[in-house]
Amino acid sequence: MSEIKKIRGFQDIHGENAKKYRYVVDTARDVFEKYNFQEIILPYVEDISLFKRSVGEATDIVQKEMYVFEDKGGRTVALRPEGTASTVRAFIEDRMYAKGGYHKLFYEGAMFRYERPQAGRYRQFHQIGAEIFGVDSPLGDAELIKMVKDILDKLGIQVRLEINSLGDFESRKKYIKALKEYLKQHEEELCETCKTRMDTNPLRVLDCKVETCKQATQDAPVLTDFLSEKSLERYTKLKEYLKAMDIEFIENPRLVRGLDYYTDTVFEFITDEIGAQGTVAAGGRYDNLVEQLGGPKTPALGFAAGIERLMLLLKELPEEKPLIVVIPVVSDFNLEGLKIADNLRKKGIRTEMLLKEGSLKSKMKLANKLNSKYVIFVSEKPELKDMQTGEQEVFENVEDLLDVVVEKV
Ligand code: HAM
């Protein structure tokens, strides 16, 4: 029979990688909880219009990367390409705003984008992310960035932070007009994609990776020169807060992000260590999105980080708890072995009851492979073997042995 292979761009995560995945998620959760964020568990499938109206009709994500299909009820649905749109939908649909105050939510899970797979880029990938609703103050922007930095620091990952301000819609409109005029004059130098983008999504031309486009836009007007007084004030305040918290950053006026909903603050944490897909975490403000999706006007902001990219940068995992392997010397002691294993687990000790029967030699071989710290041989008089030193100790009864084990691990 022929083997069935996984689909291109999808992955199985197991062994050391699964440990890394879990460590990244647990670390992030820990930080989210410290900042008093509440978890939201979102659906994987949404009405396609949610992403069209939020991420944006003209974006690469909506135009060519979504997994779209018709369900049996004739609805056109999409596998979520990101988590912000769904969080906003839930915020509105469940009338969270009615409680007043502000809201801080976090999520974790799979996202789907039909992109060309390469190192650090998959078609099913996983994000941790957080969103804040109802906070207008730049304190929110500063605290969000600090929280992402805390997660990265806890994981021992060093990356650079780039920030920019896209301004409010009004200032952006003015900027886009000026940018379009500039691009029109340099049309000949742009790549084919950017020639179309120039009209549909001119901001994206600024972060095109093609060399001629980079050169053509070198003297393009700069967004921060078009900011309204309020946007400029927010941006200045944010920089002040970041400096006060000793968070280093680089101002990048070309940082525009690939999703349409952003206003004012945008940021990315970037590394050069993992090739072209170096953005590990990114986000910003989206003060118009809640209203755009039918809710009341609510300032909002958030970020998401790619778990797989964080895993690639993770240098080491914390040491695992020591393992004890329980080996019944002959099958007459199987039941006794089960009881000892049960007892050890109840005491919080990681225990492997050896499940393969056979010669003692074959069982020892397996225990070795498992990298166990101690082995307990179960027979009339139980024995404890230290796998590192080879030392062996015989006990009169199981209770005495268990007391010693608990002390040692
Ligand atoms: P994004 O920049 O599209 O933003 O994605 C955030 C992060 O997800 C990226 O920086 C990257 O680490 C990871 N990522 C994206 N695509 C892939 C892929 N194909 N393979 C592996 N990792 C990937 C958002 O998704 C926004 N929702 C972030 C946000 C939240 N903004 C405000 N709130």
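A polar contact is a pair of N or O atoms within 3.5 Å; within protein, one must be able to donate a hydrogen and the other to accept it, and residues adjacent in sequence count only if both atoms are side-chain atoms. This is a predicted model, where local features need pLDDT of at least 70, side-chain atom pairs count only at pLDDT 80 or more, and totals for chains, interfaces and linings use all residues. Residues are numbered from 1 along each chain as its sequence is written, and side-chain values use heavy atoms, with hydrogens and water left out.

- Glutamate 82 places a polar side-chain atom 2.6 Å from a ligand nitrogen atom.
- Glutamine 127 has a side-chain N or O atom 3.1 Å from an oxygen atom of the ligand.
- Glycine 302 uses its backbone: an N or O atom there lies 3.5 Å from a ligand nitrogen atom.
- The protein buries 96% of the 660 Å² that the ligand exposes when taken alone (accessible areas by the Shrake-Rupley method, 1.4 Å probe).

**The shell around the ligand**

- The ligand is surrounded by 27 residues (a heavy atom within 4 Å).
- Glu82, Thr84, Glu115, Glu131 and Tyr262 are the closest.
- The shell splits into 12 nonpolar, 8 polar and 7 charged residues (Ala, Val, Leu, Ile, Met, Phe, Trp, Tyr, Cys and Pro count as nonpolar; Asp, Glu, Lys and Arg as charged; the others, Gly among them, as polar).
- Strand E10 gives the largest share, 6 residues (strands are DSSP runs of E, at least two residues; helices are runs of H or I, at least four; both are numbered from the N terminus).

**Two helices in contact**

- Glu336, Ile340, Asn343 and Leu344 of H13 meet Val398, Leu402 and Val405 of H15 (contact means heavy atoms within 4.5 Å).
- By class, this contact has 5 nonpolar, 1 polar and 1 charged residues.
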